[in-house]
Amino acid sequence: PKYVHLVISDSAVEEKYRISLSKSTTVYGNMCAIDSLFTFFSVNLIGCLSDYTRSHHDSSTGRFKGFGRTRRPYMFISSLGLGVSQLMLLHAATISRHLHLPPESVFYAASAVDGLTSCMLSQAQAYIADSIPSGSDLSAALSRFQGIAIGSAFFIGIPLGAQLATRFSSRIPLMLSASICVLNSILIFALLPGDGSRTPPRSPSTDMIDDQPSEAVSEGFWRRANPVGAVLMLSRSRALRVSSAAYCLVCVAQTGVQSCWVNYLQFRLGWSASAAGSSLMVVGLVVALLPPLLISQLGVVRAIRAGLLLHALSIFFLGSVNAGWQVAAGMPFFAAGASCMPMLLGHLTQQVSQNEIGALQGAADTVRTISSVVGSPLISRLLAFSISHADRDLPKGLALFAAAVFSLLGFLLFSGLS
């Protein structure tokens with residue numbers, strides 16, 4: 001959000017496009033929504049394609065052999081796409097001057113590029129699921145993986161970016177991010193081993209039986225490789241319907257809070273971007289470590305319920321803070337609540353067969369992007385409204401209170417699942 005504001009304010013059309021903190025919050029929320037919208041139309045197609053190429057290897061003809069028969073090409077493309085979008089953001093002021101466009105247009109275009117190629121997490125999770133031996137605890141494995149992946153972003157990425165932007169320049173984190181994306185693409189192409197194609201097929205969870213039979217990977221491909229197909233896939237059983245709906249609601253809350261967190265703390269407590277970013281370190285640490293512990297003590301379903309309730313209550317508390325020590329006290333509980341997200345995803349993946357893992361991950365990403373399209377602009381606009389009407393008798397935590405309601409609805413919905 002800080003970089004968005006600085007680029008627009010420092011552009012050649014400064015007087016016309018100078019914006020306040022309120023409007024920069026709105027612009028950043030729009031960027032998140034555009035990213036999510038393009039992901040919404042592409043991620044399930046990519047998931048189905050990865051299932052198809054992985055399952056249709058013909059050893060006699062060499063069709064989809066080697067690198068092309070795994071999920072790695074899609075991970076490679078995703079890493080490159082993110083790098084290109086970071087470079088567009090890095091040169092947004094220059095591009096806008098040459099094309100005679102407002103800087104936010106370049107931001108939106110970069111978000112679209114990122115969204116079209118945004119499949120890394122879902123493909124990596126499908127890759128992990130392919131490699132898990134039959135009979136292993138898939139929910140715990142995926143929870144551990146996503147916890148480490150998301151936890152690293154909060155524990156290392158966000159605080160490091162905030163520190164680099166504060167000490168040097170807001171351009172430095174983008175340069176570093178683009179460089180990491182290039183390195184990651186090279187590692188995926190050259191070093192990442194083949195997925196677990198020889199792992200014995202894993203059957204769907206026996207806890208919940210689908211109301212409708214699953215389709216073979218090659219049957220009805222285009223019927224499933226789109227957002228509508230993703231929704232239909234997640235409606236095949238009550239377990240999938242309820243779990244995916246709860247996942248969508250908690251993602252609305254989480255993405256909404258993340259998109260406005262820096263601006264919220266600046267508005268509420270006068271914190272710098274560096275301080276606000278550092279406050280998220282605890283989220284990364286807890287999300288990385290807690291899910292396997294909760295699952296082992298409570299079981300998957302009860303652990304998810306506890307996480308959803310704690311998520312809602314902690315967001316409500318953070319919306320009520322008036323001092324820095326209260327933020328420090330509330331963040332561990334917020335982080336513990338956020339751990340319900342990887343657990344929910346693992347629970348969803350357990351409900352489908354081996355040859356539908358990529359499609360399920362794509363469908364889950366479709367749900368997540370729907371929530372981002374709703375959550376980021378909605379929560380950001382509520383914060384912008386609070387900032388622009390700060391002189392009125394309105395709750396300063398209005399945006400976070402709204403986010404807490406979504407999490408609470410997810411808890412109530414999932415609590416009805418036996």
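Which residues of α16 are buried?

**Close-up 1. Helix α16 and its buried residues in the predicted model.** In this predicted model, helix α16 runs over residues 324-338, and its 15 residues reach 21 Å from the first C-alpha to the last, close to the 21 Å expected at 1.5 Å a residue. The buried residues of α16 are Q326, V327, G330, M331, F334, A335, A336, G337 and A338. In general, an α-helix has 3.6 residues a turn, so residues three or four places apart point the same way. The helix α16 bends by about 30° at G330, and the proline P332 follows within four residues; G330 is also one of the buried residues of α16.

**Close-up 2. A nonpolar surface patch with residues from α3 and α18.** The side chains of L37, F38, F41, L116, V373, V374 and L378 make a nonpolar surface patch of about 560 Å². Two or more residues of this nonpolar patch are given by α3 (21-55), and two or more by α18 (357-388). One of the patch residues, L37, has its place in helix α3, and L37 counts as partly exposed because its relative accessibility is 38%, which falls between the limits of 20% for buried and 50% for exposed.

**Close-up 3. The aromatic pair of F76 and F189.** The structure holds 3 aromatic pairs, among them that of F76 and F189, which is tilted, with 6.0 Å from centre to centre and 50° between the planes. This pair links distant parts of the chain, since F76 belongs to helix α4 (residues 72-90) and F189 to helix α9 (residues 172-190), 113 residues apart. With a relative accessibility of 24%, F76 counts as partly exposed, whereas F189, with a relative accessible area of 52%, is exposed.

Close-up 4. In general, most residues other than glycine have a negative phi. The relative accessible area of H100 is 72%, and H100 is therefore exposed, the limit being over 50%.

**Close-up 5. Q258 and S380.** Residue Q258 is found in helix α12 (residues 238-269) and is partly exposed, with a relative accessible area of 40%. Although Q258 and S380 are 122 residues apart along the chain, their C-alpha atoms are separated by 9.7 Å.

Technical notes. Residues are numbered from 1 along each chain as its sequence is written. This is a predicted model: local features need pLDDT of at least 70, side-chain atom pairs count only at pLDDT 80 or more; totals for chains, interfaces and linings use all residues. Side-chain values use heavy atoms; hydrogens and water are left out. The expected span of a helix is 1.5 Å times one less than its number of residues. The bend at a residue is the angle between axes fitted to the seven residues ending there and the seven starting there. Buried means under 20% relative accessible area, exposed over 50%, partly exposed in between (1.4 Å probe, protein chains only). Patches are made of residues with over 30% relative accessible area and no salt bridge: like charges are joined within 9 Å, nonpolar side chains (Val, Leu, Ile, Met, Phe, Trp, Tyr) within 5 Å. Accessible areas come from the Shrake-Rupley method with a 1.4 Å probe; for residues, only the protein chains shown count as cover. A salt bridge is a side-chain nitrogen of Lys or Arg within 4 Å of a carboxyl oxygen of Asp or Glu. Rings of Phe, Tyr and Trp (its six-membered ring) pair if their centres lie within 6.5 Å; planes under 30 degrees apart count as stacked, over 60 as edge-to-face and the rest as tilted.
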